[in-house]
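This briefing sets out computed features of one structure, grouped by topic. Please read it alongside the sequence and the coordinates shown here.

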Amino acid sequence: MKTLILLRHAKSDWDDPELADHDRPLAARGRDAAPRMGAWLKAHGPVPDLVLCSTATRARQTLALALEALGAEPETRFDRGLYLAGGAGVLARLRQAPDAAATVMAVGHNPDLEQLSRRLATMGDKAALDRLAEKYPTAGLAVIELPVERWAEAGPGGRLIAFETPKTAGD
């Protein structure tokens, strides 16, 4: 069994129209939400063994704030290929993760993470599945158990354990 955590970057700042999309930082709301998601992981688990993170500024900042609140320092790999790769692109990167990592967290973008979570999580908590089907907001976090022994086997058939957002993480 493998566990996947999908964390969408927190709310980004659009104030500077000259800034390239890849370089946009977090907005104040995002700087508040990212640690909330890390705190939720600390309270409910799991803690990732490995993090795969987009190189976009907002994704890197989200990860840093979430890990600080989580109080963990997992191995982290920054990958430009996770920047707007589509759900299939993120899955391809995930399938290359080392099998020694029981829990992997991917930090990225939408619609990529929404596509991937819907593809992988075909069963699980009904309320969480309903929320996931409705919207995958910024700083949204999905925890999916995959019935595989190797990351290369990751695909549909996973169980959605939790889907949390900054609004629900404090509940």
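Contact means heavy atoms within 4.5 Å. By that criterion threonine 165 touches Met37, Pro137 and Gly140, not counting residues up to four places away in sequence. The model is a predicted one, in which local features need pLDDT of at least 70, side-chain atom pairs count only at pLDDT 80 or more, and totals for chains, interfaces and linings use all residues. Residues are numbered from 1 along each chain as its sequence is written, and side-chain values use heavy atoms, with hydrogens and water left out.

**Sheet**

- Helices (H or I, at least four residues) and strands (E, at least two) are DSSP runs, numbered from the N terminus.
- Seven strands form an open sheet in the order 3-2-4-1-6-7-5, with mixed pairing; two strands pair if DSSP finds at least two bridges between them.
- Strand 3 (75-79) and strand 5 (121-124) are the edge strands, each pairing on one side only.
- Neighbouring strands of this sheet are turned by 30° against each other on average, direction ignored; axes are lines fitted to C-alpha atoms, for helices over the stretch in contact, and angles run from 0 to 180 degrees between N-to-C directions.
- Strand 5 pairs with strand 7 in the parallel sense over three bridges, and methionine 123 stands opposite arginine 159 in strand 7.
- Helix 2 (residues 57-70) packs on the sheet, where it touches strand 1 (2-8), strand 2 (50-54), strand 3 and strand 4 (103-108). The direction of helix 2 makes about 150° with that of strand 2.
- Helix 5 (residues 126-134) also packs on the sheet, touching strand 5 and strand 7, and its direction makes about 70° with that of strand 7.

**Helix 1**

- The 17 residues of helix 1 should span 24 Å at 1.5 Å a residue, and the end C-alpha atoms are 25 Å apart, which agrees. The expected span is 1.5 Å times one less than the number of residues.
- Gly30, Ala33, Ala34, Met37, Gly38, Trp40 and Leu41 of helix 1 are buried. They cover an arc of only 155° around the axis, so they are on the same side of helix 1; the arc is that of the directions from the helix axis to the C-beta atoms.
- Buried means under 20% relative accessible area, exposed over 50%, and partly exposed in between (1.4 Å probe, protein chains only).
- Ala28, Lys42 and Ala43 are exposed on the other side of helix 1.
- The buried residues of helix 1 pack against strand 1, helix 2, strand 4, strand 6 (141-146) and strand 7.

**Threonine 165**

- Threonine 165 is found in the segment after strand 7 (158-164) and counts as buried because its relative accessibility is 10%.

**Salt bridges**

- The structure holds 10 salt bridges, each a side-chain nitrogen of Lys or Arg within 4 Å of a carboxyl oxygen of Asp or Glu.
- Aspartate 32 forms a salt bridge with arginine 36, with the closest N and O atoms 2.2 Å apart. Both residues lie in helix 1 (residues 28-44), four residues apart, about one turn of the helix.
- Glutamate 114 and arginine 118, both in helix 4 (residues 112-120), meet in a salt bridge at 2.7 Å, N to O. Glutamate 114 is buried at 18%, whereas arginine 118 is partly exposed at 39%.
- Arginine 77 and glutamate 75 meet in a salt bridge at 2.9 Å, N to O.
- Asp21, Arg24 and Arg58 are linked in a network of salt bridges.
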